[in-house]
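Biologist: I would like to learn how to read the features of a protein model, one at a time. Could we look at one together?

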Amino acid sequence: MTSRPLPAPDALSAPFFEGLAKGRLLIQTCRTCGAHQLGSERCLRCRSEDLDWTTAEGRGRIHAATIMHTVFHPAFAGEVPYAVALVELDEGPRLLGGLRGVAADEALVGRRVRTVIAEIAPNAYAPVFEPVQED
Amino acid sequence: MLNAAIVGLGMEGLTRAPTASARTLAARAVLAAAADAGLQPQEIDGLLVCRSGGASEAELGLNLQRAAVLPNLKLLQVSYAEGASSIANIQLAAMAVTHGLATAVACVFADAPLANGASSREAFGQRKAAEGLDSLRYTAGLFGGAGIFALAASRYIARYGATPEQFGAVAIAARAWARMNPSAVFREPLTLETYLASRWIAEPLRLYDCATPVNGAIAVIVTTAERAADLARPAVHILGMGQGHPGAPDQAGFEREIGGGGAAAGATAFAMARIGVDDVDLCQFYDAFTYITLNTLEAYGFCEPGEAGGFVADGRIAPGGALPVNTGGGHLSGFYLQGMTPVSEAVIQLRGDGGERQCPKTDIALVTNEGGRFDHHACLVLSPHMGRR
């Protein structure tokens with residue numbers, strides 16, 4: 001059985017993945033204007049390069065979601081169908097991850113979720129989302 | 001003012017069976033396009049190459065010059081704007097011939113993703129490497145273009161309430177056109193019942209919502225309108241062109257799943273061509289997934305945002321409909337050669353070579369390319385008639 005695809009940190013995302021390994025969901029926070037984001041070396045709002053990493057609460061809302069029914073990768077052969085969601089964290093950034101604990105026929109977009117940090121392989125961590133009650 | 005026309009078309013492969021390499025197919029397509037135009041290979045003095053996002057420079061790149069034996073190039077480059085690359089290259093060719101940088105420019109795309117026995121999902125599931133936060137795609141199991149566009153379609157459906165029947169209407173129209181195209185891969189009838197019963201690939205996308213990958217190559221030759229008049233085949237004039245790259249981040253306040261660069265590209269191209277959306281007789285869209293056709297109709301203003309599902313539901317884009325779209329079957333039922341699939345079908349229609357599927361009115365064609373997650377868009381406005389100069 002082929003092993004699962006693993007996170008491939010680059011310079012920009014290394015603190016994010018190091019954070020996951022320590023059980024923390026880190027996002028970028030602009031020291032100049034306070035905006036939150038992910039995935040850019042520059043503030044998306046004020047273009048400052050002075051960014052910090054801060055802990056996000058992990059709560060958010062599903063922006064888009066799919067149920068994957070096709071085995072594109074042998075490591076997922078035993079998992080289809082499985083759900084994947086693009087979640088808009090309450091702080092602003094959108095984050096991609098697996099979605100568990102949802103029924104096959106339920107509407108997913110707009111659902112409230114929380115982030116769980118899952119160990120997907122030994123010492124490899126990725127965000128996974130679980131539905132929660134509306135606030 | 002633009003002074004440019006497409007005068008040659010070469011198509012090679014277009015098959016799911018194993019073929020020669022992408023580079024060999026590309027060389028054949030370039031030479032076929034030159035011959036179609038009535039040009040000798042040594043008269044080709046520009047070569048603009050694009051390849052699939054997963055392919056390497058060694059597979060298809062600047063080495064195409066030697067593979068096609070083109071000794072007299074004054075313009076040569078590989079361009080990359082994801083799915084928008086093919087039209088981006090034709091735009092560059094049009095500017096080059098207008099201003100004299102070169103006089104006869106070949107633009108080519110080739111890909112050979114289907115090796116012996118390989119399925120589409122094996123070929124495209126993880127074709128592009130993903131690094132950094134983007135690698136979360138593969139750790140989460142979001143593979144292929146299907147995964148990405150399923151996410152986008154889910155957003156559109158949640159926002160506007162588009163129905164499976166409306167997505168199906170796009171697939172069924174494409175198949176109805178493909179049935180009249182000898183080059184299309186899938187030519188059996190497709191009913192709504194069959195569409196709805198087809199297996200999920202990535203919900204909400206079914207099998208028939210997704211493109212048909214092939215091995216193949218398509219090339220066109222671009223030259224000036226004056227020279228075009230002396231060549232072998234009817235000229236297809238480039239009246240307008242545009243691009244749009246919104247650069248939307250995955251961030252609250254932005255909408256990367258709906259919208260994209262089509263509106264900006266259309267505004268530029270329509271102004272250049274001095275036309276409005278009502279002047280468009282037929283469309284050839286980059287329709288790797290049914291949802292892209294709905295998105296593109298809205299982006300160009302054929303209908304209001306959220307109304308494309310209703311727009312296509314009554315056969316409006318199918319054979320006999322008021323707005324023919326993807327008249328060769330597009331990527332869905334024809335063949336997926338990225339940005340060159342819609343370009344080739346526009347050239348065929350505007351030359352009057354459409355045979356059984358020939359559209360009655362072809363004065364203005366809109367041709368679009370889409371790349372990334374609605375990140376990169378390019379278009380052409382084409383006509384058998386010269387523009388007003």
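Biologist: How many bridges join strand 2 of chain B to strand 4 of chain B, and do these strands run parallel or antiparallel?

Modeller: Strands of a sheet pair through backbone hydrogen bonds, either parallel or antiparallel. Here six bridges join strand 2 (residues 46-51) of chain B to strand 4 (residues 105-111) of chain B, and the two run parallel; two strands pair if DSSP finds at least two bridges between them. Within this pair, B:Leu48 stands opposite B:Cys107. Helices (H or I, at least four residues) and strands (E, at least two) are DSSP runs, numbered from the N terminus.

Biologist: What should I know about the model and its numbering before I go on?

Modeller: This is a predicted model, in which local features need pLDDT of at least 70 and side-chain atom pairs count only at pLDDT 80 or more, while totals for chains, interfaces and linings use all residues. Residues are numbered from 1 along each chain as its sequence is written, chains are lettered from A and ligands numbered from 1 in the order in which they are written, and side-chain values use heavy atoms, with hydrogens and water left out.

Biologist: What is the mean pLDDT of chain B?

Modeller: pLDDT is the predictor's confidence in each residue, from 0 to 100. The mean for chain B is 96, and 99% of its residues reach 70 or more.

Biologist: In what order do the nine strands of the open sheet in chain B lie?

Modeller: The order is 3-2-4-7-1-8-11-10-9, with mixed pairing. Strand 3 (75-78) and strand 9 of chain B are the edge strands, each pairing on one side only.

Biologist: How many residues does each chain give to the contact between chain A and chain B?

Modeller: Contact means heavy atoms within 4.5 Å, and it takes 43 residues from chain A and 38 residues from chain B. Strand 4 (59-68) of chain A is among the elements on the side that touches chain B, and this strand gives the most to that side, with six residues.

Biologist: Which peptide bond ending at A:Pro81 is cis?

Modeller: Most residues other than glycine have a negative phi, and most peptide bonds are trans. The bond from A:Val80 to A:Pro81 is cis, with omega near -5°, and A:Pro81 lies in the loop between strand 4 and strand 5 of chain A. A:Arg47, a residue other than glycine, has a positive phi near 70°.
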